[in-house]
Amino acid sequence: MPLTRLLFTFNTMRSQRAFDVVEESSGSSEDEDIEMNDVSDEESEGELPQTPSKRTGKGRIGAEHGETNKNIIQETAFDAYFTYSASKIQTSGNVFSDLLLPLSAEEYAEGIASASKHAVKPTTSILEEDKLKSLFSRFIFEMSQGFNLLCYGFGSKRQVLNRFAAEVCSKHGHVVGANGFQPDFSIKDLLLRIQSLPPLQDLPLSASVEKQAHQIVEHLSSISTPHIYIVIHSIDAAPLRTTRSKTVLSVLASSPRIHLIASIDHINAPLLWSSSELSARKPSSTSTTESAATAKSSIPSSSTRRGFSWLWHDLTTLEPYDVELSFVDRSSITGASSAARSRKADLSGNAQNTTAMTETAANHILASVTVKAKKLFVLLGKRQLASIEDGADGKATGGGNDLQQHGTAYDVLFSAARDEFVASNDTAFRSVLGEFRDHELIKSAPGPAGAEILWIPLRKERLASVLAGLEANSG
């Protein structure tokens, strides 16, 4: 019993002591809270409390979490692709074609003439007289064996082929020339030239060009007549790349009485024809006086025979393409492509492509208009020159290619024209203005504020020269 009482006493004392420790700790925590409140009150008197987003404790915790997430999440190539695709691509608005204005035909000719005085003309041994004669002999022999000739190489081949046609082919038969580099050339023009030859003048032809080619081939195979030599310059040009043109040429080239000699300049020209068309053979014709019956019996039907049977010849002459490029604007960087020029013309509403008018063309137009129209042109031209000289883009070379920014509003020009007695009302003003709009000497487009803006598509130097000529003639 004493042992039991002793244990009870010991447990009671230990519980009492634990209760005192708890009270002590709670009392100390209350004291600490009171002290902290006093400190915070003192601090609040000196400065404003911090916002929750700037508390160091939460910021430190957020940074720790950010570092942890960065270590855990890895960016894959899939994520990098979409991140890059969603970013905005910065492109420059400084277009080189806007900074470098195209030359006029007169400026281009003058520049070429001055550069040609000091330039060394390259030569090639193929143009030597003895080698040309040997080459022409080889050409006529290969054509007599049933082949057609295709000449490639750098430089214009027009003079060499024309000389071959005049000196050699004309002695063996009729010669027909075709300039495929002309934009308005068509396969129908070639058939009309062939039909104008003496053996085919009385031949009635159908309306379809394919049937015309078959009729020509069948008619030549049924009569005894000299052979026909067709010289085509730039057979890889756009007018002869169509399916119809290639079909007609393949029918003509398959005839033993028709011989083709053509030139190509495009690097991908061999892709125009299939392998069967390239390797097709036609019967050789070694005599121009063979009988019609023999020729007709030895030649299969022209409706099933097609192909070119090309023999390739390297005819590098290093001669300039003056004639071939006479139909393109060589003074412009993009002028060699007629398709690019047509697409550029379709965007005329943008008003930044209208500097193609030359000084010569403007003088021709002004020579045919009335005196009042010339006065209106002078009014608009002087205002445009003043705007170019005063504007930020008005450099010594004539400013940029966007001339619309130097144009004059319709109402302003009408008021000036009325003050100068050019037009007394809006109807008369539009009548005078229409003479220039029809010839595209004055352009118009909506301005930023919706008003119609009028300007002359001439560079500063050309416009100043035209105005000086008008003032000299009027004085």
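Trainee: In which helix is the place of Ser-221?

Mentor: Ser-221 lies in helix α9. Helices are DSSP runs of H or I with at least four residues, strands are E runs of at least two, and both are numbered from the N terminus. This is a predicted model, in which local features need pLDDT of at least 70, side-chain atom pairs count only at pLDDT 80 or more, and totals for chains, interfaces and linings use all residues. Residues are numbered from 1 along each chain as its sequence is written, and side-chain values use heavy atoms, leaving out hydrogens and water.

Trainee: Why does Ser-221 count as buried?

Mentor: Buried means under 20% relative accessible area, exposed over 50%, and partly exposed in between, with a 1.4 Å probe and protein chains only. Ser-221 has 12% relative accessibility, so Ser-221 counts as buried.

Trainee: How far apart are Ser-221 and Arg-257 in sequence and in space?

Mentor: They are 36 residues apart in sequence and 7.4 Å apart in space, C-alpha to C-alpha.

Trainee: What makes helix α10 mostly covered?

Mentor: Helix α10 spans residues 243-253, and eight of its eleven residues are buried. Among them are Val-248, Leu-249 and Val-251.

Trainee: Which elements do the buried residues of α10 pack against?

Mentor: They pack against β1 (148-152), α8 (187-195), α9 (209-222), β3 (227-233) and β4 (258-263). Contact here means heavy atoms within 4.5 Å.
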